[in-house]
Amino acid sequence: MALTRREVMQQAGALGLLGAGGGLARLARAADRIIPWRNWSGGQVCIPAVRVAPQDEAELVDVVRGTKGAIRAVGSGHSFSALVPTDGTLLSLSNLSGMIGSDPQTLQSEFWAGTRVADMGEPLLKAGLAMLNMADIDYQTLAGAISTSTHGTGPTFGSYSSTVVGLRLVTAAGEVIDCDASNRPEIFRVARTSLGALGIITRVKLQNRRAFRAHEKIWVGKTEELLEDMPRLIKENQHFEINPILHSDVALATATNETDDPHTRPNPGGGDGDGVAALMAINTYARNHPKVQAALLDTFVKRMISSDVVDDSFRVFAHVRDQRFNEMEYELPADAGPACVREILKTVREQNLNSFFPLEYRYVKGDDIPLSMFNGRDTCAISVHQDYRLDFHNFFAQIEPIFWKYEGRPHWGKLHTLNANQLSKLYPHWQDFLEARAALDPGGKFLNGHLRSILGVTC
Ligand SMILES: Cc1cc2nc3c(=O)[nH]c(=O)nc-3n(C[C@H](O)[C@H](O)[C@H](O)COP(=O)(O)OP(=O)(O)OC[C@H]3O[C@@H](n4cnc5c(N)ncnc54)[C@H](O)[C@@H]3O)c2cc1C
């Protein structure tokens with residue numbers, strides 16, 4: 001909880017401290033220094049004792065070596081789960097940003113870990129390169145994105161973590177480790193998805209591809225028809241996803257494919273706020289009249305939403321999400337997707353759950369990273385959202401057990417209720433990560449309460 005200067009002075013008065021002149025001045029100065037941190041949705045808040053943003057790598061190493069208490073790295077605060085909050089030191093890499101280099105032969109690039117994904121597209125394009133795939137937004141930092149296995153959609157495309165070919169890690173002891181498939185491979189294997197629990201990542205090498213143009217087409221279809229047609233749709237499109245509209249029979253379908261079309265049809269700009277506001281209005285006024293609600297939603301969505309964009313790939317993949325929400329996402333075996341989506345939509349309708357954000361249903365290729373949600377299996381990702389002004393607990397509590405039925409693994413950066421005991425059963429190489437963490441950070445410098453709970457670490 002954040003305290004204002006006035007509140008600190010009031011509480012100090014109540015404690016009888018105001019009589020001590022020097023004490024009052026000190027308290028007032030301390031109140032000025034309290035800067036709360038919040039994540040994007042506002043659902044996670046903390047008051048770190050110290051906030052640091054080192055100017056360079058050498059200063060960062062000094063900070064890690066010199067800090068006695070806990071340190072949590074923060075990217076751009078776009079995780080919904082409590083990965084970041086700390087009352088110790090909050091460490092930002094906002095000054096370690098930009099491209100370090102690229103190689104036209106291997107089609108690889110190296111970036112400072114604090115670079116926002118939004119700032120990677122242009123320098124990559126100048127080098128004739130592009131990311132293999134991208135997530136729905138590009139506000140994340142590179143280190144933040146790989147730390148939670150952030151992903152886009154497409155059954156032949158892995159998460160950002162799976163495209164990492166090397167990285168530099170600063171350990172709790174201040175050791176600087178460069179690792180890749182041949183140098184310290186045991187650390188590289190686990191560090192590609194690490195939740196910030198192994199150390200501070202300062203540089204990342206990525207496998208890219210030649211720059212390309214992409215065509216995104218969005219249309220509205222019957223949800224059931226899209227689900228039935230899914231095998232064809234994901235075979236014929238490189239990137240495909242659907243967004244079923246809760247309480248209705250329709251869904252947005254989005255197909256994105258490489259194109260040689262040189263004529264740009266730019267993203268019209270603006271965010272999704274107006275569309276979400278309309279869904280909210282329909283939800284508010286027709287929620288207790290399900291047939292009217294479904295009819296209004298079908299009409300609104302069919303009339304309002306369509307899109308046809310052609311541009312450089314990085315301008316097409318990234319969207320603007322300007323209506324804040326909280327989110328829960330689980331990753332399921334790919335074949336389980338349609339059945340799980342149907343069950344969620346049925347539950348929402350039968351229980352008339354109070355939510356209006358569309359469901360999100362995507363595909364991600366499996367990988368071999370121990371703590372990746374995609375470890376060892378091709379996956380579909382299903383997420384539910386709740387407007388940041390509405391309580392998400394009841395809604396998510398009705399949906400989460402459905403994900404469990406289908407052997408879902410929660411997205412590390414999104415909300416869930418699982419603990420270490422439950423999570424360890426979902427990851428075949430769980431122990432490998434725990435052993436690496438204990439060796440690299442025996443004193444738990446890079447942990448917070450949430451990480452202790454999900455990893456089962458007591459130090
Ligand atoms: C609107 C919105 C849309 C989203 N869309 C998608 C999507 O399409 N696909 C998807 O998979 N996810 C999505 N997410 C989730 C988001 O991509 C992840 O939670 C991501 O990890 C956030 O990155 P960040 O830079 O904000 O990192 P933060 O949330 O600040 O931190 C995430 C983790 O990274 C660690 N970390 C950060 N920097 C470092 C470092 N230098 N060294 C070590 N550890 C570090 C932190 O300690 C923390 O554990 C979305 C989130 C929002 C709010």
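A backbone N or O atom of glycine 144 lies 2.8 Å from an oxygen atom of the ligand. This is a polar contact, defined as a pair of N or O atoms within 3.5 Å. The model is predicted: local features need pLDDT of at least 70, side-chain atom pairs count only at pLDDT 80 or more, and totals for chains, interfaces and linings use all residues. Residues are numbered from 1 along each chain as its sequence is written, and side-chain values use heavy atoms, with hydrogens and water left out.

In serine 79, a polar side-chain atom lies 2.7 Å from a ligand oxygen atom. In arginine 362, a side-chain N or O atom is 2.8 Å from an oxygen atom of the ligand. Taken alone, the ligand exposes 980 Å², and the protein buries 99% of that. Accessible areas come from the Shrake-Rupley method with a 1.4 Å probe.

The shell around the ligand was examined next. The ligand is surrounded by 35 residues; a residue counts if one of its heavy atoms lies within 4 Å. The closest are Ala73, Gly75, His78, Ser79 and Thr148. By type, the shell divides into 15 nonpolar, 16 polar and 4 charged residues. Here Ala, Val, Leu, Ile, Met, Phe, Trp, Tyr, Cys and Pro count as nonpolar, Asp, Glu, Lys and Arg as charged, and the others, Gly among them, as polar.

Strand 4 (71-74), helix 5 (142-147) and strand 11 (200-207) each supply at least two shell residues. Helix 5 gives the largest share, 4 residues. Helices (H or I, at least four residues) and strands (E, at least two) are DSSP runs, numbered from the N terminus.

Two helix pairs were also described. Helix 12 (residues 337-350) and helix 13 (residues 393-405) pack at about 155 degrees, with axes 10 Å apart. Helix 12 is therefore roughly antiparallel to helix 13, a term for angles over 145 degrees. Axes are lines fitted to C-alpha atoms over the stretch in contact, and angles run from 0 to 180 degrees between N-to-C directions.

The axes of helix 9 (residues 273-286) and helix 10 (residues 290-304) come within 9 Å and cross at roughly 160 degrees. Helix 9 and helix 10 are therefore roughly antiparallel too.

Definitions and conventions: A polar contact is a pair of N or O atoms within 3.5 Å; within protein, one must be able to donate a hydrogen and the other to accept it, and residues adjacent in sequence count only if both atoms are side-chain atoms. Angles under 35 degrees count as roughly parallel, over 145 as roughly antiparallel, 65 to 115 as roughly perpendicular and the rest as oblique.
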